[in-house]
Amino acid sequence: MSSDEGEKVNHSAVHILKLLIKDQQLKEDICAAKFIPTSVIDKEGNAKPRSKKNILNSLINECWSTGLKKTLDCLTRNKIKDILAPRVQWTDDRVPTSKSVLVKRIHEEIIKKDAREFFSEIKKSDLRILLDELDEEIPSSRDEYVDALLDTIERFGLQNLFSSFNEKKLKLMIEECGLVVSSTSKDIMIDCLLNQEDWKPSKKKVKPEKVSKKKPKIKNGITKADLQSHYYRDELYDYCREHDLNTTGNKKDFINRILAYVEGREQPKVNKKGAMLKKRKKRKTATDTDEESSAKKKKI
């Protein structure tokens, strides 16, 4: 299922989990990891196997709940309070100041409601702020902001699921998905499962950039590793603003613009919305479209 073959690669949780639970042992292992029963007790007291469809729905719901919690945890308290909290009804209209309380209450509210409807009620400018805060790629179309946020939640949920397995079990999952991954690195295997991509080591071994012990000044010769490790996003934003560079996008965008500036190279191209141009992979195919839509809209 290599993306080099020009096929549309399906990264959705529905598609990936459907592939994995075809194998009986993997199905049992995945359900056990999420404490999801694979059978129910009938009126006569006998154990009756649950259908794959019911198990799939339970897994999707669990991944969504976990992914939503991780997404909220990644946001700052102020972003949660200013953007998400107004969508929730609070006792005596008093919004709590504790981030943990905010996260728990908003998580419960989104789980109860239709997730797509909840985020669709938020201004698109605020959705962009949330995506930027999560360090996610900003879609070129504002109409795709909700989908991008839902994809992020779904990805966090799958990532949490895969992280609970060892390398041997991940290898079995990779084989079940029809992927070819020439690595024993857990992180690489998880990324390949999430992206449904093959992986082979590059022929040329690129030495990783060393991070300076002291914070260096921003000038020609500074490395991407130093900018990433020694500078906060706000500092990079201020540098871009002071040197008349584009100030939209995430930290990675700022680093690329600053490196191009100090090295005297042409600035990376940006689209009309200000985001750096990148090819956004299709996350859906004709197959499973109805199931994915209902899974994301379902009250989890």
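This is a predicted model: local features need pLDDT of at least 70, side-chain atom pairs count only at pLDDT 80 or more; totals for chains, interfaces and linings use all residues.

Biologist: Start with helix 3 and helix 8. At what angle do the axes cross?

Modeller: Roughly 110°, with the axes of helix 3 (residues 52–74) and helix 8 (residues 145–163) coming within 7 Å. Angles of 65 to 115 degrees count as roughly perpendicular, so helix 3 and helix 8 are roughly perpendicular to each other.

Biologist: Which residues of helix 3 and helix 8 make the contact?

Modeller: From helix 3, Cys 63, Trp 64, Thr 66, Gly 67, Leu 68, Lys 70, Thr 71 and Cys 74. Helix 8 brings a list that includes Leu 150, Ile 153, Glu 154, Phe 156 and Leu 161.

Biologist: How do the residues of that contact divide into nonpolar, polar and charged?

Modeller: Nine are nonpolar, seven polar and two charged.

Biologist: Now the backbone. What is phi of Gln 196?

Modeller: Near 55°, which is positive in a residue other than glycine. Gln 196 sits in the loop between helix 10 (186–195) and helix 11 (224–230), and is buried at 0% relative accessible area.

Biologist: What about Asp 244, where does that lie?

Modeller: In the loop between helix 12 (233–242) and helix 13 (251–262). Asp 244 is not a glycine, yet its phi is positive, about 55°.

Biologist: Buried or exposed, Asp 244?

Modeller: Asp 244 is exposed, because its relative accessibility is 74% and the cut-off for exposed is over 50%.

Conventions:
Residues are numbered from 1 along each chain as its sequence is written. Side-chain values use heavy atoms; hydrogens and water are left out. Axes are lines fitted to C-alpha atoms, for helices over the stretch in contact, and angles run from 0 to 180 degrees between N-to-C directions. Helices (H or I, at least four residues) and strands (E, at least two) are DSSP runs, numbered from the N terminus. Angles under 35 degrees count as roughly parallel, over 145 as roughly antiparallel, 65 to 115 as roughly perpendicular and the rest as oblique. Contact means heavy atoms within 4.5 Å. Ala, Val, Leu, Ile, Met, Phe, Trp, Tyr, Cys and Pro count as nonpolar, Asp, Glu, Lys and Arg as charged, and the others, Gly among them, as polar. Buried means under 20% relative accessible area, exposed over 50%, partly exposed in between (1.4 Å probe, protein chains only).
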